[in-house]
Amino acid sequence: VGSEMCKETEPTFGCVALPELLCPHVSPDTEFLLLGLCTDICVVSNALLLRAYFPGNHIFVAPDCCAGVTPETHTAALMTMKMCQIERA
């Protein structure tokens, strides 16, 4: 939902409009599953935005459905997300 809008309007790696776009569709038991091209750029940025906006919801990342600029930065991004209570799917 948010990715097309954010591609055209957001100059950042994370889509700052994403949480507000999702908010009408999110309940306390909504779970998020994230995947994308760059674990260490867009995926981690959006994961942290969602974590800040929806602190009580479960957020998952699919590590096999994204890759980092390098294997090391992919691993580092996954570790960053883990420290912020974003779980591996």
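Author: A residue is called buried here when its relative accessible area is under 20%, and exposed when that value is over 50%. The model is a predicted one, and its protein chain holds 4 helices and 3 strands, arranged along the sequence as α-α-β-α-β-α-β. The helix to look at is α4 (71-83), whose 13 residues should span 18 Å at 1.5 Å a residue, and the 19 Å between its end C-alpha atoms agrees with this.

The buried residues of α4 are His74, Ala77, Leu78 and Met81. These residues lie on the same side of α4, because they cover an arc of only 100 degrees around the axis. In general, an α-helix has 3.6 residues a turn, so residues three or four places apart point the same way. On the face of α4 turned away from that buried side sit the exposed residues Glu72, Lys82 and Met83.

The cover over the buried residues of α4 includes α3, β2 and β3 (87-88). The helix α4 is also one of the elements that give two or more residues to the largest nonpolar core, a set of 18 residues in which Leu50, Val61 and Met81 touch the most other members. Just after α4, Gln85 adopts a positive phi of about 60 degrees.

Key: Residues are numbered from 1 along each chain as its sequence is written. This is a predicted model: local features need pLDDT of at least 70, side-chain atom pairs count only at pLDDT 80 or more; totals for chains, interfaces and linings use all residues. Side-chain values use heavy atoms; hydrogens and water are left out. A nonpolar core is a set of buried Ala, Val, Leu, Ile, Met, Phe, Trp, Tyr and Cys residues joined through side-chain atoms within 4.5 Å. Buried means under 20% relative accessible area, exposed over 50%, partly exposed in between (1.4 Å probe, protein chains only). The expected span of a helix is 1.5 Å times one less than its number of residues. The arc is that of the directions from the helix axis to the C-beta atoms. Contact means heavy atoms within 4.5 Å.
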